[in-house]
Amino acid sequence: MSDQIRTLRHRWRYGVVFVASLLLAVAQPLTSGLIDEDSTFNILFSVLIIAVLLQVFEEIELRRIALSLGLIALVGLWASQGIGGPTDQRVLVGAQLAAASFFAFALYGILRGILARRVSGDAIFGAVCGYLLLGIIWSLLYYAVETANPGSFNLPASSGAGAAAARVDRGVLSYYSFITLSTVGYGDVTPMSPLARTLSWTEAVTGQFYLAILLAAIVGFKVTRATTD
């Protein structure tokens with residue numbers, strides 16, 4: 001029984017990461033304003049860390065690197081909730097950058113696994129998961145930029161007297177990241193600083209290259225398999 005579970009888990013390992021990524025990309029913005037946003041993000045991020053460590057990296061050395069990045073990000077994110085002032089800002093920016101690095105490393109592990117195996121349903125889950133991770137990575141970078149330099153993005157006006165001093169809504173920047181990744185660009189959120197603009201166009205280009213290269217790789221695998229069978 002345990003061998004069957006182990007085989008099933010390995011066969012659909014990217015499906016687990018896909019669900020965890022979808023929760024972080026979709027559930028967290030949808031719950032914005034309803035429950036504590038930072039705690040929700042930290043909890044879902046913790047779930048994704050565990051999924052990546054258990055399902056993506058099989059080599060001990062790669063798993064150690066991923067665990068180090070994930071722990072740094074988690075400690076920084078949780079610690080920033082109990083710290084105030086400039087220290088809070090620095091810790092939060094550092095945590096966002098560490099989180100983006102963790103997700104980038106997870107994306108590397110997923111693509112490495114996909115390209116080393118035959119095309120399957122799990123590989124498709126991995127490909128979609130990688131696309132979600134791209135959006136998550138850039139949303140973290142946008143959040144870090146806006147936290148370090150408020151006004152880097154022209155965001156929808158928030159109601160309330162203390163809105164200017166409040167933290168930026170993660171859901172808004174997550175939304176902006178995914179519409180930029182898909183090159184939709186509604187224009188309700190716009191980059192204002194040079195760094196924000198550079199990040200925006202690099203995300204759009206990366207998203208298009210990801211789809212083109214990955215689709216070409218999958219088609220190539222299918223053609224090779226068809227000619228060798």
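Here is a quick look at the fold, the surface and the one salt bridge of this predicted model.

Residues are numbered from 1 along each chain as its sequence is written. Because the model is predicted, local features need pLDDT of at least 70 and side-chain atom pairs count only at pLDDT 80 or more, while totals for chains, interfaces and linings use all residues; side-chain values use heavy atoms, leaving out hydrogens and water.

**Fold.** The chain has eight helices and two strands (DSSP runs numbered from the N terminus: H or I of at least four residues for helices, E of at least two for strands). Reading from the N terminus, the order is α-α-α-α-α-α-β-α-β-α. Of its 229 residues, 43% are buried (under 20% relative accessible area; exposed is over 50%, partly exposed in between, with a 1.4 Å probe and protein chains only).

**Salt bridge.** Searching the whole structure turns up one salt bridge (a side-chain nitrogen of Lys or Arg within 4 Å of a carboxyl oxygen of Asp or Glu). Arg64 and Glu61 are the partners, at 4.0 Å, N to O. Both sit in helix H4 (residues 60-80), three residues apart, or about one turn of the helix.

**Surface.** Trp201, Val205, Phe209 and Ile213 make a nonpolar patch of about 440 Å² (nonpolar side chains, Val, Leu, Ile, Met, Phe, Trp or Tyr, joined within 5 Å, like charges within 9 Å, from residues with over 30% relative accessible area and no salt bridge). Ile213 belongs to helix H8 (residues 194-228).

These residues count as exposed:

| Residue | Relative accessible area |
|---|---|
| Arg64 | 55% |
| Glu61 | 51% |
| Ile213 | 55% |

Notes
Accessible areas come from the Shrake-Rupley method with a 1.4 Å probe; for residues, only the protein chains shown count as cover.
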